[in-house]
Structures are given as C-alpha cells and as structure tokens.
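Open the model in your viewer and keep the sequence panel beside it. The tour goes stop by stop: select, look, move on.

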Amino acid sequence: MALTLYVDTARWRAHHKHVQEQFPGLVPVCKGNGYGFGHERLAEEATRLGSDVLAVGTTYEAARIKDWFGGDLLVLTPYRRGEEPVPLPDRVIRSVSSVDGVYGLVGARVVIEVMSSMKRHGIGEQDLAQLHAAIENVRLEGFAIHLPLDRTDGSDAVEEVIGWMDRLRAARLPLHTMFVSHLKADELARLQQQFPQTRFRARIGTRLWLGDHEATEYRGAVLDVTRVAKGERFGYRQQKAASDGYLVVVAGGTSHGVGLEAPKALHGVMPRAKGVARAGLATVNRNLSPFVWGGKQRWFAEPPHMQVSILFVPSDAPEPKVGEELVAHLRHTTTQFDRLVDR
C-alpha cells in the first residue's frame, strides 16, 4: 500500500520531444527532488533526449548525478569563495556571479551569470571591464541570464536579453554562447535570428518535465476505513466527528510532502478571497486535503501523520474500500512518492 506516481510514459516522453523541438540546444534542468521524479530518472530521460549538458542546482546534486549522466553538468548555484569543496569531475561547469568568483575558479569551466531584472544574483554592467583579466585563467563556457516569470510592468524579455548582449559586445567579451531561462520559443527564435553568431541555450525544468499535466498522476492507497457516528471521538487529539461518515486512512503523509504547500503569489480579487477563506477555515481545524473521492476533494479529519493521512468522508458519499486508490493533487516539487509506475 503506497503513495504512487503513475506516469503515462509514452505521452510524457512525447512532450519532452515537443519541447526539445521548440528549443534547439535545450539544457534540461534536474534540481531539488528531481521535479518529483528523482535525479536518477531525470538523468536517464536527459540521456534519452541526447542532451550533452544537464543543469543541476548544487554541487551536492552534481556529485550525486555524475554517476547517472555521462555528459557535462552545469551547476546553477553560483560559486562563492569559502564554500565547502565537493569532489567533482572536470565535466562539471560552475556558474559564477561575481568577478571575485571568476578569480576563485582558476582553470575551471565557468558560465558567468549577469544581473537580470530578477535582481537575485549576477555580474553588473559596472563590473564588465574587470572581466577581461579575470576570464584569462578560466575556461569560459558562455554567459547566462535568468529572467523573471511574470512581467507586470509590460517589459519585453527579449529586449532585456538584447540589452545585455549589447553591453557584453561593447565590453568586447566573448559571445559564443548565452544560456537563458524563462523565454518562450518565439522569443528564443527572435534572439537567435538577431544574433546568429551566438548560440542561445534554454535551461528548462518545469516546462519540460511537468508541462503536460495529464501525463502524470499521484494516487494514495486506502489502508483502513472506519465508520464513525456524529459526536464520536477519534484521532490523536480526540476530536468529535461533525457528522456520520467514514474515517479513511490513506497512504501519503508529511514524509511524502502531503500537507506541505509553497507560498503563492496571488493576483486578483477572487484568488485573494479564496486564500482568506482557506485561512479562516484552518483556524477552526478545517483543512482540505489533496485527496479526491467521489468526485470531490475531501477534508482532512486531522492534520496528516508522517506516512498516512486520515480523511473524513461523509455518509452520503460512497464508502471507500481498502485497496482502492484516491487521486491526490500534489505539487511535484515537494512530493516524495513510495513508488513510480510507468504505464
């Protein structure tokens, strides 16, 4: 009995090929929990795609993935002097976001990140003049720019990249390769047409692995079902049942990521109102679970346990049976499955 990730493998891989066709020179990204699939599986899929480079989040991830992927590994987290040294092969490329960082990687393969409107990290225009001397002692693989997802000010992502291309060209820095993130296919094509001497390589994770929502599905197995009457006490905190129904124990708890939720940026009146409503219900211990039964998302009977969740299913709904599975709407990047089944 498990929390299972089911993958429509043919459909999933067809989506990968479609994205690859849209973004020539695609660099797949495998970071965090491997977008819910695990590092080993995504390394295998990147190899299947014929990728020569796989981007990872940290040096620790690179150390784990190096035995599963035979091409180059691009570490996205920028190098900092004084960081813990991690033994890595020469095919690992480090990202750098400062002139000091470039000087700290003598002899290494590096990609230099420039500061975008994200304002997260990157080399600023004022530092470009210092790069000439710094890059003499490293193997420069190219420059990179990480762009925001939303542009509420109406600005143009392509124009932002063009601005940096012009600055780098004015500084007489090599422009053979530019790694980009969060561009649309037509935007990438516009850049490639305008700068034919530069190879633009899109680093893509979410759109590649999670872009087809119908290709994957989480399901939790029903482990136990207990009938309860209104007012009957149950659970760790001995709460009273609000009505007649069933306590349904289903595979999937906090160790799987069930009940965990990343903060969301809310736009518009309706999403904000829903957020307020959810918060209000939570104050009286009413929390909607990700599990679906009888066509509805069901409420947690109490907060999820480590490996299971207990749901309350009212008596007017069909009684779940042990061994049946409930669809679970879970976020891939925060979920750890018990097993993955290709079908």
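**Stop 1: a hairpin**

Select strands β14 (residues 288–293) and β15 (residues 296–300). Strands here are DSSP E runs of at least two residues, helices are H or I runs of at least four, and both are numbered from the N terminus. β14 and β15 run antiparallel, joined by three bridges. Two strands count as paired if DSSP finds at least two bridges between them. Strands of a sheet pair through backbone hydrogen bonds, parallel or antiparallel. Find Leu288 and look across to Trp299 in β15, which stands opposite. Then go to the turn: two residues separate the strands of this hairpin, and Gly294 has a positive phi of about 60 degrees.

Before going further, note what you have open: this is a predicted model, in which local features need pLDDT of at least 70 and side-chain atom pairs count only at pLDDT 80 or more, while totals for chains, interfaces and linings use all residues. Residues are numbered from 1 along each chain as its sequence is written, and side-chain values use heavy atoms, with hydrogens and water left out.

Val292 has Val327 as its bridge partner in β17. Is β14 enclosed or open? Five of its six residues are buried, so the strand is largely enclosed by the rest of the structure. Buried means under 20% relative accessible area, exposed over 50%, and partly exposed in between (1.4 Å probe, protein chains only).

**Stop 2: Ser289**

Stay in β14 and select Ser289. Its relative accessible area is 0%, so Ser289 is buried. What does the Ser289 side chain reach? Another is the backbone nitrogen of Phe291, at 3.1 Å. Residues up to four places away in sequence aside, Ser289 touches Gln297, Arg298, Trp299, Phe300 and Leu311. Contact means heavy atoms within 4.5 Å.

**Stop 3: the barrel**

Select β2 through β9. These eight strands close into a barrel in the order β2-β3-β4-β5-β6-β7-β8-β9, with parallel pairing. On average, neighbouring strands of this sheet are turned by 30 degrees against each other, direction ignored. Helix α7 (residues 185–194) packs on the sheet, touching β8 (177–181) and β9 (199–204). The direction of α7 makes about 160 degrees with that of β9. For such angles, axes are lines fitted to C-alpha atoms, for helices over the stretch in contact, and values run from 0 to 180 degrees between N-to-C directions.

Zoom in on β6 (residues 109–114) and β7 (residues 139–146). Six bridges join this parallel pair. Glu113 stands opposite Ala144 in β7.

**Stop 4: two loop residues**

Select Tyr35, in the loop between β2 (27–30) and α2 (39–48). Tyr35 has a positive phi of about 55 degrees although it is not a glycine. Next, select Lys119, in the loop between β6 and α5 (128–134). Lys119 also has a positive phi, about 55 degrees, and is not a glycine. Lys119 is exposed, with a relative accessible area of 66%.

**Stop 5: helix α2**

Select α2. Its buried residues are His39, Arg41, Leu42, Ala43, Glu45 and Ala46. The elements covering them include α1 (9–22), β3 (53–56) and β18 (339–342). After the helix comes Gly50, with a positive phi near 80 degrees.

**Stop 6: Thr216**

Select Thr216, in strand β10 (residues 216–228). Thr216 counts as buried, at 14% relative accessibility. Beyond four places in sequence, Thr216 contacts Leu5, Tyr6, Val7, Phe37 and His332. The side chains of Thr216 and His332 are joined by a polar contact of 3.2 Å. A polar contact is a pair of N or O atoms within 3.5 Å; within protein, one must be able to donate a hydrogen and the other to accept it, and residues adjacent in sequence count only if both atoms are side-chain atoms.

**Last stop: confidence**

Colour by pLDDT, the predictor's confidence in each residue, from 0 to 100. The chain mean is 93, and 92% of residues reach 70 or more. Select residues 271–285, where the pLDDT is below 50. Beyond near neighbours in sequence, this stretch has seven contacts in the model.
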